[in-house]
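This report walks through one chain, from its packing to its side-chain pairs. Keep the coordinates open while reading.

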Amino acid sequence: MWVLFAFLSAIFAALTSILAKVGIEGVNSNLATAIRTVVVVIMAWGMVFLTHAQSGISNIGTKSWVFLILSGLATGASWLCYYRALQIGEASKVVPIDKLSVIITLVLAFVFLHEDFTMKSLIGCILIGAGTLFMAI
């Protein structure tokens, strides 16, 4: 089931880039990010209440709170940078560079989460890096 959600995530991320590129025209990138964030917050909390998950808030531990907040800050920084790059650059060049996050995530997962870094992972990283370089030039 996770593969289905991963593919749906990719489709929605692609739509996000195209819709944002059209919508950001003539709009301050920080303002556009704030508007997008409000929509995401409403949608996310809507899903929490729709699935009755709100009762789990009291069970969240301190470590989870800290890392969820740090993740939120990283997301916000990513979105602010992404929207600015998208505003001044071509989507077809900004998006591949943004997807270098795949390589960075694999390396960080290996270093900090002690996940396996296999030959397949290495080859995939090289191909993604080469593809990104090829598309961005």
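Helix 4 itself covers residues 91–98. Its buried residues are Ala91, Val94, Val95 and Pro96.

This is a predicted model, so confidence belongs next to the packing. In the chain, mean pLDDT is lowest in helix 4, at 91. It is highest in helix 2 (residues 29–50), at 96. The chain as a whole averages 94. Of its residues, 100% score at least 70.

**Overall layout**

How many helices and strands does the chain hold? The secondary structure comes to six helices and zero strands. Read from the N terminus, the order of elements is α-α-α-α-α-α. The C-alpha trace spans about 50 × 45 × 25 Å along its principal axes.

The chain has 137 residues, and buried ones make up 15% of them. Contacts between residues at least 6 apart in sequence can be split by separation. Of these, 72% join residues at least 24 apart.

Serine 17 sits in helix 1. Is serine 17 buried or exposed? Serine 17 has a relative accessible area of 6%, so it counts as buried. Leaving aside neighbours within four places in sequence, serine 17 is in contact with Tyr82, Leu86 and Val95. Val95 is also one of the buried residues of helix 4. The C-alpha atoms of serine 17 and alanine 91 are separated by 7.0 Å, although the two residues are 74 apart along the chain. Alanine 91 is buried too.

Glycine 129 belongs to helix 6, which runs over residues 119–136. Its relative accessibility is 22%, so glycine 129 counts as partly exposed. The cut-off for buried is under 20%. Which residues does glycine 129 touch, leaving aside its neighbours within four places in sequence? They are Leu100 and Ile103. Isoleucine 103 lies 26 residues away in sequence from glycine 129. The C-alpha to C-alpha distance between glycine 129 and isoleucine 103 is 7.5 Å.

**Aromatic side chains**

A search of the whole structure returns three aromatic pairs. One of them joins tryptophan 45 and phenylalanine 49, and this pair is tilted. Both residues lie in helix 2, four residues apart, which is about one turn of the helix. Tryptophan 45 is partly exposed, at a relative accessible area of 42%. Phenylalanine 49 is partly exposed as well, at 47%.

Phenylalanine 110 and phenylalanine 117 form another tilted aromatic pair. Phenylalanine 110 has 44% relative accessibility and counts as partly exposed. Phenylalanine 117 is partly exposed at 30%. The table gives the geometry of these two pairs.

| Aromatic pair | Centre to centre | Angle between planes |
|---|---|---|
| Tryptophan 45 and phenylalanine 49 | 5.9 Å | 35° |
| Phenylalanine 110 and phenylalanine 117 | 5.6 Å | 55° |

Why do both pairs count as tilted? Planes under 30 degrees apart count as stacked and planes over 60 as edge-to-face, so the rest are tilted. The angles are 35° for tryptophan 45 with phenylalanine 49 and 55° for phenylalanine 110 with phenylalanine 117.

A charge also meets a ring. The charged end of arginine 36 sits over the ring of tryptophan 79. The distance to the ring centre is 4.2 Å.

**Charges and cysteines**

The salt-bridge count comes to one. It joins the side chains of lysine 99 and aspartate 98, at 3.4 Å from N to O. Lysine 99 is partly exposed, with a relative accessible area of 37%. Aspartate 98 is partly exposed at 27%.

How many disulfides does a search of the whole structure find? The search finds zero. A disulfide is a covalent bond between the sulfur atoms of two cysteines. Cysteine 81 counts as exposed, at 54% relative accessibility. Cysteine 125 is buried, at 9% relative accessible area.

Notes: Residues numbered from 1 in each chain as written. Predicted model: local features only at pLDDT ≥ 70, side-chain atom pairs only at ≥ 80, totals over all residues. Heavy atoms only, no water. Salt bridge = Lys/Arg side-chain N within 4 Å of Asp/Glu carboxyl O. Buried < 20%, exposed > 50% of the residue type's maximum accessible area, 1.4 Å probe, protein only. Disulfide = S-S within 2.5 Å. Helix = DSSP H or I, 4+ residues; strand = E, 2+ residues; numbered from the N terminus. Contact = heavy atoms within 4.5 Å. pLDDT = per-residue confidence, 0-100. Phe/Tyr/Trp six-rings, centres within 6.5 Å; stacked < 30°, edge-to-face > 60°. Lys NZ or Arg CZ within 6 Å of the ring centre and 35° of its normal.
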